[in-house]
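Please look through the structure below with this briefing at hand. The notes that follow are grouped by topic.

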Amino acid sequence: MSAPGNGGARGAAFDAVVIGAGANGLVAAARLAKVGLRVLLLERAESLGGQGAVIEFAPGFRAAPLGQDPGWVPPAVVRGLGLESLAADPADAPLSVAIGPGSFLTLSRDAERAAEAIRVHSVSDAAKWPAFTSQVHRLAGFLGELYRTPAPDVGLTSLGDVPALLGLGLKYRALGGEGMIEFLRTLPLSVWELLDDWFESAPLKAAVATGGIQDYRQGPRSGGTGFVLLHHLVGAPVGSMRGRLPWRGGPSAFTEALEQVARRAGVTIRTGAAVARVTVRDDAAEGVILANGEEIATRAVLSTADPTRTLLEWVDPVWLDPEFMHAVGNIRYRGCTAVVMFALDAIPEFPGLASQEALAGLVSLTPSVVALEKAADAAKYGDVSENPHVEITVPTLRSPALADGGRHVLVARVHYAPYRLRDGAAWDPARRDALADRVTEAIEAVSPGFGARVLHRVAMSPQDLEERYGLREGAPTQGELGLDQILFMRPVAGWGRHATPIAGLYLGGVGTHPGPGILGGAGWLAANRLLGDRRGGKGRA
């Protein structure tokens, strides 16, 4: 049954409907509304924020289970939406690795301080560390330039693309001869090989290698993990090996700022509004149907859900070419990330850790790249490793309001926990509890007495992440960051510029260019594509 006044695209109450109120959806909706379009933003959950949402997992304890890395906001998004006052916290949030009981290596974001810590393990590695951090920062910086603009059009279908490609060419040349070669060499390289080229210290290599396997169901020996490492360092300060600067206002600061911008621009926001279908007529989108049967007519639809859900579940297949559908159906998701959240009565002790403040950063409990590879091996066969890769952080050290009464929250991110388990086994409560037990034991091994601090714990398997966040196969990336699924091949080759074969239907989630961790990047580019098509008179946009 149609909503009053929404009878058909021509009489639509909204010029655009944006699906999903995570970072990309909020950015896209605000961008469209700021130029005068009537925009409706639909969110299936009861709150905004998508993967960055803060949830209460126990009475008085809150966390953003998928928000450990705040991400990078492209400058165009900051300027275009007036987010200059949104400040990051410049305090050091180091990366640490547990070498064994009572022993840690802590890498400050300050390269000289990190080198001092490394010197205990290798004088040679300490001398190389500043050069290494400088180089990966430069290479990640060039990726950042690629991520500011639409994916390169290798077919060069428009002369208007020439200046942008020339500009990228000049920035690539600015890397210098050695830098250009190193960039092309690093992308397909395994992070294991990359680190072997530079260092000899096992703990140092183990610490850095974790950046190359984030949400990626491959071990550090796999090709392309060098690219994954660089991707997650885009926008990070020089010296940082994991993560961008956190928001000064806490993990929900970005979502709250975007919501204010969107509402001021006139965006209508509806939560608890799950989309069931995208309606199409004459090869053009004309509206959406909600799960409750409500029909909403519009001139354009911009979805930040994963490409497979949008195109193969919400659109009648009669409107899509079989080869295109086959390509979309072959997108790899392969979720392998689980999360365990702990409510603590006090900060646990970690003997040998440089300082309590190191817990505000990231602490990896995997002491070697060999152990990382073994953890990945189990996932190949649908198993969770007996010794999974676990990395922890205590967000309440930066944001005390996440817990009541001066208590604390510890969040553990677990690799590799495959979405599909061997022999069709289910992620039932017993299996989740078993995973939480393994994580608790891993923490207890370097923090004696940790279990006694735990008031409550909640484990979220990839299937739980799928159900709560709408992530296909529990994959936060909405499509693995393999080299065949990036840039103009994201989500599929030939359709990397946010449009689809259906006029007026656009993709703007992290499953499109530039991918995860680039806050609002895909939403901004997708909104710009919609506006460009609208000006050009294409479809009904």
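Helix α8 is mostly covered, with seven of its eight residues buried, where buried means under 20% relative accessible area, exposed means over 50% and partly exposed lies in between, using a 1.4 Å probe and protein chains only. This is a predicted model, in which local features need pLDDT of at least 70 and side-chain atom pairs count only at pLDDT 80 or more, while totals for chains, interfaces and linings use all residues. Residues are numbered from 1 along each chain as its sequence is written, and side-chain values use heavy atoms, with hydrogens and water left out. Helices (H or I, at least four residues) and strands (E, at least two) are DSSP runs, numbered from the N terminus.

**Helix α8 and its partner α7**

- The buried residues of α8 are Pro203, Leu204, Lys205, Ala206, Ala207, Val208 and Ala209.
- Helix α7 (residues 191-198) packs with helix α8 (residues 202-209) at an angle of about 140°, and their axes are 10 Å apart; axes are lines fitted to C-alpha atoms, for helices over the stretch in contact, and angles run from 0 to 180 degrees between N-to-C directions.
- The helices α7 and α8 are therefore oblique to each other, on a scale where angles under 35 degrees count as roughly parallel, over 145 as roughly antiparallel, 65 to 115 as roughly perpendicular and the rest as oblique.
- The crossing in which α7 passes α8 is right-handed; a crossing is left-handed if the near helix is turned anticlockwise from the far one by less than a right angle, and right-handed if clockwise.
- On the α7 side, Val191, Leu195 and Asp196 meet Lys205, Val208 and Ala209 of α8, where contact means heavy atoms within 4.5 Å.
- The residues of this contact between α7 and α8 divide into four nonpolar, no polar and two charged, with Ala, Val, Leu, Ile, Met, Phe, Trp, Tyr, Cys and Pro counted as nonpolar, Asp, Glu, Lys and Arg as charged, and the others, Gly among them, as polar.

**Helices α1 and α10**

- Helix α1 (residues 23-34) and helix α10 (residues 253-264) have axes that come within 9 Å and cross at roughly 25°, which makes α1 roughly parallel to α10.
- The crossing of α1 and α10 is left-handed.
- From α1, Ala23, Leu26, Val27, Ala30 and Lys34 meet Phe254, Thr255, Leu258, Glu259, Val261 and Ala262 in α10.
- Sorted by class, the contact of α1 with α10 has eight nonpolar, one polar and two charged residues.

**The sheet of seven strands**

- An open sheet is formed by seven strands in the order β6-β5-β13-β14-β15-β12-β16, with mixed pairing; two strands pair if DSSP finds at least two bridges between them.
- The strands β6 (103-107) and β16 stand at the edges with a single partner strand each, so one side of each is left without a neighbour in the sheet.
- From one strand to the next, the twist of this sheet averages 20°.
- Strand β5 (residues 95-100) runs antiparallel to β6 and is joined to it by five bridges, and the bridge partner of Ala98 in β6 is Phe104.
- Helix α16 packs on the sheet, where it touches β12 (337-344) and β16, and its direction makes about 80° with that of β16.
- Ser461 lies in the loop between β16 (454-460) and α16 (462-469), and Ser461 is buried, with a relative accessible area of 0%.
- Leaving aside residues up to four places away in sequence, Ser461 touches Thr337, Ala338, Trp427 and Arg432.

**Other strands**

- A further open sheet has three strands in the order β8-β9-β10, with antiparallel pairing, and its edge strands are β8 (275-281) and β10 (295-297), each of which pairs on one side only.
- Strand β9 (residues 284-290) is joined to β10 by three bridges, and Gly287 has Ala297 as its bridge partner in β10.
- Strand β1 (residues 16-19) runs parallel to β2 and is joined to it by four bridges, with Val17 standing opposite Leu40 in β2.

**Thr512 in its loop**

- Thr512 lies in the loop between β17 (505-507) and α17 (521-536), and at 2% relative accessibility Thr512 counts as buried.
- Apart from residues up to four places away in sequence, Thr512 touches Arg490, Pro491, His498, Leu507 and Ala522.
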